[in-house]
Amino acid sequence: MDDKQSAPRGPAYRVVTPRLVLRCWQPADAALLSAAIEANLEHLGPWMPWIKHEPQSFEQRVEQLRRFRGEFDLGQDFTYGIFNRDETAALGGTGLHTRVGPHGREIGYWIHKDHLNRGLAGETASALTHVAFAIAQMKRVEIHCDPLNLRSLAVPRRLGFHHDGTRRQDVNGADGQPRDTMIWSMLAEEFAGSQAAATPIDAFDALGRPL
């Protein structure tokens, strides 16, 4: 096999940080994800519009994770689970979403209520910012958050993202009421000098090869 055939290729299916494993969801994770979401219905309710469709049945969860994996494989969207290092528990969810255009990614994240105030959202966002710029070769990364979600907005601010502005009443919250959205961004040339570059990562492709 020549070098071209054996060269590692993105996207990053698995990302290992000092405390976490971020990886593409698998249908076999259905029980772990359902347990995490069901334990966090009240915690996530004010901030995550998709929570109104929860809880789902086991069969629905399997189909959801099949869809996540399919989108990942096709390069359409990149939704990751956040796991402890031995992958026995789902600590939340995250993603490098493609909805901000072909040259950018949007990072979203949520953390299990039992693991708050430990810097895990920051570690997650740092790792995926690294993946977006160093592996996916993006020009821009965005983080969107509700200005009332103080934990969430602290993450881009701490990592060195720039607050581009706030869109007023551009989305409906889980309660159906209009909510504002803060837009934070980082450009590729800003990454190396940012706090987001401080988290060391190991990233692997779909075959487990280092990226």
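## Charged pairs, cores and a helix crossing

Let's start with Arg61, which is buried, its relative accessible area being 0% (buried means under 20% relative accessible area, exposed over 50%, and partly exposed in between, with a 1.4 Å probe and protein chains only). What does Arg61 form a salt bridge with? The partner is Glu54, and the closest N and O atoms are 2.6 Å apart. Here a salt bridge is a side-chain nitrogen of Lys or Arg within 4 Å of a carboxyl oxygen of Asp or Glu. Glu54 is buried as well, with a relative accessible area of 12%.

Before going on, a word on where this comes from: the model is predicted, with local features needing pLDDT of at least 70 and side-chain atom pairs counting only at pLDDT 80 or more, while totals for chains, interfaces and linings use all residues. Residues are numbered from 1 along each chain as its sequence is written, and side-chain values use heavy atoms, with hydrogens and water left out.

Side chains of opposite charge can pair when their charged atoms come close. There are 14 salt bridges in this structure. One of them joins Glu87 to Arg23, at 2.6 Å from N to O. Glu87 sits in the loop between β3 (78-84) and β4 (90-97) and Arg23 in strand β2 (residues 20-24), so this pair ties together parts that are 64 residues apart in sequence. Helices (H or I, at least four residues) and strands (E, at least two) are DSSP runs, numbered from the N terminus. Of the two partners, Glu87 is partly exposed at 22% relative accessible area, whereas Arg23 is buried at 12%.

Now look at helix α4 (residues 58-73), where Asp73 and Arg69 lie four residues apart, about one turn of the helix. These two form a salt bridge with their closest N and O atoms 3.0 Å apart. Asp73 is partly exposed, with a relative accessible area of 42%, and Arg69 is partly exposed too, at 25%. Elsewhere, salt bridges that share partners join Arg14, Arg23, Asp29 and Glu87 into one network.

On to the nonpolar side of things. A nonpolar core is a set of buried Ala, Val, Leu, Ile, Met, Phe, Trp, Tyr and Cys residues joined through side-chain atoms within 4.5 Å. The largest one has 38 residues, and Val15, Leu22, Tyr80, Leu96, Ile107 and Val131 have the most contacts inside it. Two or more residues each come from β2, β3, β4, β5 (104-111), α5, β6 (140-145), α6 (150-159) and β8 (178-187). Which element gives this core its largest share? That's α5, with eight residues. Apart from this core lies another, of 16 residues, including Trp25, Ile37, Phe68 and Phe83.

Helix α5 (residues 120-135) also holds Glu123, a buried residue at 7% relative accessible area. Beyond its neighbours within four places in sequence, Glu123 is in contact (heavy atoms within 4.5 Å) with Thr17, Pro18, Arg19, Leu20 and Thr199.

Finally, see how α5 meets α6. Their axes come within 9 Å and cross at roughly 50°; axes are lines fitted to C-alpha atoms, for helices over the stretch in contact, and angles run from 0 to 180 degrees between N-to-C directions. That makes α5 oblique to α6, given that angles under 35 degrees count as roughly parallel, over 145 as roughly antiparallel, 65 to 115 as roughly perpendicular and the rest as oblique. Ala121, Gly122, Ala125 and Ser126 of α5 make the contact with Val155, Arg158 and Leu159 of α6.
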